[in-house]
Amino acid sequence: MIVDVPIHCISCGTMLVEQIPEDEDRLRGVCPQCGKIHYRNPKIVVGTLIERDDQILLCRRAIEPALGLWTPPAGFLEMNESLAEGAARETKEEALADVEIVRPFARIDLTRIGQVHEMFLARLNSTEVGAGVESLEVRWFCWSEIPWSELAFPVIDWILRLRRADLESKQEQFHCGCLRWRDVGSPMCLDNYDLGELQSLLLKG
Ligand SMILES: [Zn+2]
């Protein structure tokens, strides 16, 4: 499995067994000692698309997975913060950029790895950006020079394509959809995914 799986009971430390609890319909990590059921649920990833003229800000990752590849600033939502607050915090951490969140842009479900990605449009409060500890470098890219073959994750590719298409058609939209792996080929390869259930909601100006 890809998703973090607890091996020991968080209450008593006993090794868990996988079984379907009574009245449920799927395998869970169950403690044979105290009976605690360990649920696993998707995590939320928040990030920002920061635009300047015809450019967008991308970070080159200094950490695995996808070390050395490009992504907008994004990371896991923390406890006690809103989606927008988390997106702004991740942007500060990875691109040393103070941003104002403009609006939600896309929400993509990644069912294979149990994540929901929420990406916002944001604008810089100051002109300064730089590489945070999780970034090797931070760069502005014109839409015509996006390093498509060096993007960190398939979901990033889809999100950037959606934004580029909106800019070209001069439409402001909010997109939600589900990125599904086809169950064949490398799960890191974009070609092995379909973006389904896509709904693009046109926003009034
Ligand atoms: Zn236990």
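Not counting residues up to four places away in sequence, which residues does arginine 103 touch? The answer is Phe120 and Leu121, where a contact means that two C-beta atoms, placed from the backbone, lie within 7 Å. What you're looking at is a predicted model, in which local features need pLDDT of at least 70, side-chain atom pairs count only at pLDDT 80 or more, and totals for chains, interfaces and linings use all residues. Residues are numbered from 1 along each chain as its sequence is written.

**Overall layout**

- The protein splits into domain 1 (1-40) and domain 2 (43-202), with bounds that come from an automatic or database domain assignment.
- Between the C-alpha centres of domain 1 and domain 2 there are 33 Å.
- Along the principal axes, the C-alpha atoms fill a box of roughly 60 × 35 × 35 Å.
- There are two helices and twelve strands; both are DSSP runs numbered from the N terminus, with helices being H or I of at least four residues and strands E of at least two.
- Going along the sequence, you get β-β-β-β-β-β-β-α-β-β-β-α-β-β.
- Of the 205 residues, 26% count as buried. Buried means that 20 or more other C-beta atoms lie within 10 Å of the residue's own, exposed means 12 or fewer, and partly exposed is in between, with C-beta atoms placed from the backbone.
- If you take contacts with a separation of 6 or more, 56% of them join residues 24 or more positions apart.

**The three-stranded sheet**

- Strands β1, β2 and β3 make an open sheet in the order β1-β2-β3, with antiparallel pairing; two strands pair if DSSP finds at least two bridges between them.
- β1 (17-19) and β3 (37-38) each have a single partner strand and sit at the edges, so one side of each has no neighbour in the sheet.
- Three bridges hold the antiparallel pairing of β1 with β2 (residues 28-30), and glutamine 19 has arginine 28 in β2 as its bridge partner.

**Strand β5 and its partners**

- Strand β5 (residues 55-61) is largely enclosed by the rest of the structure, because five of its seven residues are buried.
- Strand β4 (residues 43-52) pairs with β5 in the antiparallel sense over two bridges, including the one that links glutamate 51 to isoleucine 56.
- Those two strands, β4 and β5, form a hairpin with two residues between them. In the turn, aspartate 53 has a positive phi of about 50 degrees.
- β5 also pairs with strand β10 (residues 135-142), antiparallel and over seven bridges. Here isoleucine 56 has phenylalanine 141 as its bridge partner in β10.
- Strand β6 (residues 70-71) is another antiparallel partner of β5, over two bridges, and tryptophan 70 in β6 stands opposite arginine 60.

- Leucine 110 counts as buried because it has 20 C-beta neighbours inside 10 Å.
- Arginine 103 has 11 such neighbours inside 10 Å, so it counts as exposed.
- Leaving out residues up to four places away in sequence, leucine 110 touches Gln115, His117, Val155 and Leu179.
- Proline 154 is 44 residues from leucine 110 in sequence, yet their C-alpha atoms are 10.0 Å apart in space.
- Arginine 103 and alanine 122 are 19 residues apart along the chain, with 7.2 Å between their C-alpha atoms.
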